[in-house]
Amino acid sequence: MVQPLDPPVWLGGAILAAGLATVLALRLWPSAQPDGLVMGLRRVLAGGFALAAAAGLGMAAAQLRTLSVAQAPLPVSADAVAVRGWVVGVDSGERGPRLRLLVRDIAGAPTPPRYVRIAVPTAGALTPGRAAWCRAELSQPTGPMTPGAYDFARRAYFERLGATGFGYGRCRPDNVGPPPGWLDRQRLKLAALQSDLAAAIVEAAPGRGGAIAAALVTGDRSAIDKDTNVALRDSGLGHLLSVSGVHMGIVGGLVFAVLLWTFSILSPIALRFPVKKIAAVGALVVLAVYLVVSGSSVPALRSYVMAGVAFGAILLDRPAISMRGLALATLIVVMLFPESVIEPGFQMSFAATVALVALFEVLKRSPEDRALPTPGLLIGAMQWAARGVGGVMLISFVAGIATDPFAIYHFQRFSIYSLVANLIVEPIISFLVAPAAVCAAVLAPFGYAEVPLQVMASALDLVAAVGDVFGSRPEAVRALPRPPDEAFLLCVAALLWACLWRGHLRWGGVAFLAASIWIYARAPQPVVAFDAELRAVYARDQSGAWTLAPGRGRSTYARDRLGAMLGISPAAIERLAPPEACSDAICTWRSARGQRFALVRSAEGLDAACREGALVIAAAAAPPAFAARCRATVIDAAEVARLGGGFIYETPDGPRIARARSGEEHRPWTPAIRSEEAQE
């Protein structure tokens with residue numbers, strides 16, 4: 001349950017101090033018997049208060065982070081305003097490019113937000129690093145469209161993205177100078193460098209392979225066409241397009257292995273210096289450069305911290321891959337970016353990593369095991385190749401199994417061929433794409449990067465072809481309803497239990513998994529679903545089949561996302577018919593239990609919807625006495641603007657309505673409501 005208010009600022013620090021003080025007192029309090037029941041009870045209490053102190057530390061970190069990114073909200077207005085700033089990125093949108101601007105000033109806003117994002121027909125010459133002038137209609141980032149949906153306003157708050165909107169016509173270059181802050185000037189230079197590097201990669205290797213290569217190196221995905229994006233997403237390969245733990249792990253591991261092998265065969269170095277530590281430092285340096293060049297996104301920063309802990313363990317003569325190292329990396333990431341805890345990227349990255357560490361511990365050879373005899377050159381090469389390819393495929397299999405529950409919970413989709421596609425693609429990424437990228441980076445200063453980039457692009461063409469083969473299948477994507485929170489938490493508990501325990505105790509996670517599946521299978525499903533702007537309204541008819549009432553506007557985003565949460569695939573959405581009694585002013589239908597529903601699109605349809613016991617969803621404001629006169633339940637425009645979208649469930653006691661917001665939220669990222677939205 002989302003809390004409507006933030007806890008007091010002092011609460012996290014108070015819990016941390018109280019927990020630490022209690023743990024210290026329990027540890028230092030003298031005891032006549034060092035063992036026994038009393039001492040065991042003290043240890044249990046100390047552990048409990050230590051967990052409470054950890055919770056207080058996390059709460060304090062979250063509160064500090066929230067305060068550090070706070071900024072004045074943009075005044076709510078429906079008028080177009082002049083926006084001046086500097087382009088820091090060009091994102092791909094559903095209907096065209098979207099400029100992300102570092103704001104200089106906004107007309108009518110005395111304290112403008114740091115960043116805004118504006119959808120434009122074309123970016124033109126406005127590449128990252130250049131100043132721009134736009135006339136745009138801006139609004140605050142929107143919250144979740146339905147209960148349990150993704151809260152974009154929360155993410156935008158921590159990115160300091162204060163407004164989104166669309167431009168009137170093209171944005172024009174502006175003649176203002178650079179921003180006054182030194183860090184802002186360096187950020188713009190880096191954004192321009194990334195844009196130029198992406199353009200150079202695409203020029204050296206034209207085609208979609210080159211576009212994907214530019215995305216992997218610089219994080220710029222604007223050159224990838226929509227069909228390739230859709231094919232890779234539907235085949236379960238979409239994670240390859242964003243710089244994350246997979247890329248950091250492959251690049252860092254490859255550089256470390258190459259440096260270690262190179263220094264090991266050089267006797268003067270191998271006999272005098274710790275070559276393993278030198279290779280670890282070299283890998284960290286290369287990953288730092290990759291982090292900067294790729295844009296230093298939050299997922300990339302998280303991955304770099306985890307890689308830094310692993311290579312730091314090598315420098316300290318500790319195991320590079322261990323649960324303790326993963327716990328330390330997670331602690332650092334959570335302290336730096338506490339908002340990441342509920343982000344899908346962090347959860348999926350952590351789940352895959354903890355599963356792979358557990359796999360490493362299972363497969364690790366015991367020190368007591370006898371070493372096998374050294375094979376000959378041919379047999380040794382064959383064994384090395386088999387271990388390499390088999391290891392990559394096993395890693396892909398385990399990571400896919402660990403992350404699938406998170407994909408179902410957050411995205412309500414399951415790629416049928418994801419496992420097969422990743423098993424095919426991972427060796428290509430590891431043995432072709434990554435080495436070619438490293439060679440291109442080494443040869444670029446000498447002007448010989450074109451050939452490695454073309455090899456890299458050709459390998460990525462194979463990846464895109466795999467995505468086409470599997471993603472274009474009509475059954476490629478299976479939509480599943482969003483699981484209840486309880487089922488998801490039990491599934492996470494099953495994963496953690498199986499990974500953290502050892503031996504036969506791992507099988508205890510099956511009980512949690514079985515309970516999760518049981519709750520998911522018995523979860524009630526809504527009979528009506530609508531988004532926060534009534535762009536899509538799904539309804540079950542008397543036969544229990546889904547229908548789709550035509551919504552407001554031409555955008556299909558709300559329709560597709562709402563359908564995904566209900567477990568309706570994109571292909572099935574296209575085939576849905578409207579309710580039988582549907583006109584321009586009103587749609588009416590009955591559910592399987594006989595409950596009457598009405599969707600009113602204009603004020604003229606309110607009279608036709610006036611039926612005793614009906615549940616009316618109105619896109620217009622209902623008269624004050626309408627509900628009492630008709631003895632009906634009314635959800636009108638004002639209520640939709642205040643509480644957002646919702647799900648309607650049928651119960652023996654009548655309809656139950658779950659809303660996206662309670663109306664009492666006052667979080668720092670809660671968007672304001674325009675007065676005209678509440679009145680229309």
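**Notes on a cavity, a patch and a serine**

1. Helices α5 (208–218) and α15 (450–471) each supply at least two residues to the lining of the largest cavity. Helices here are DSSP runs (H or I, at least four residues) numbered from the N terminus. Bear in mind that this is a predicted model: local features need pLDDT of at least 70, side-chain atom pairs count only at pLDDT 80 or more, and totals for chains, interfaces and linings use all residues. Residues are numbered from 1 along each chain as its sequence is written, and side-chain values use heavy atoms, with hydrogens and water left out.

2. On that cavity: the structure holds 1 of 30 Å³ or more, and the volume of the largest is about 40 Å³. Its lining is Ile212, Leu216, Leu232, Leu240, Leu241, Ile429, Leu460 and Val463. A cavity is a set of points on a 1 Å grid where a 1.4 Å probe fits but cannot get out, and lining residues have an atom within 4 Å of a point.

3. Now the surface. Val362, Leu363, Leu394, Phe397, Ile401, Leu419, Val420 and Ile424 make a nonpolar patch of about 660 Å² (residues with over 30% relative accessible area and no salt bridge, nonpolar side chains joined within 5 Å). At least two patch residues come from each of α12 (344–363), α13 (377–411) and α14 (418–443).

4. Ile401 sits in α13 and is partly exposed, at 49% relative accessible area (buried is under 20%, exposed over 50%, partly exposed in between, with a 1.4 Å probe and protein chains only).

5. Ser418, in α14, is buried at 16%. Neighbours within four places in sequence aside, Ser418 contacts Ser235 and Gly236 (heavy atoms within 4.5 Å).

Technical notes: Patches are made of residues with over 30% relative accessible area and no salt bridge: like charges are joined within 9 Å, nonpolar side chains (Val, Leu, Ile, Met, Phe, Trp, Tyr) within 5 Å. Accessible areas come from the Shrake-Rupley method with a 1.4 Å probe; for residues, only the protein chains shown count as cover. A salt bridge is a side-chain nitrogen of Lys or Arg within 4 Å of a carboxyl oxygen of Asp or Glu. On a 1 Å grid over the protein atoms alone, a cavity is a set of points where a 1.4 Å probe fits but cannot get out, and a pocket is an open set with protein on both sides within 12 Å along at least five of seven lines; lining residues have an atom within 4 Å of a point. Grid points are joined across faces, edges and corners, and a volume is the space filled by probe spheres set on the points.
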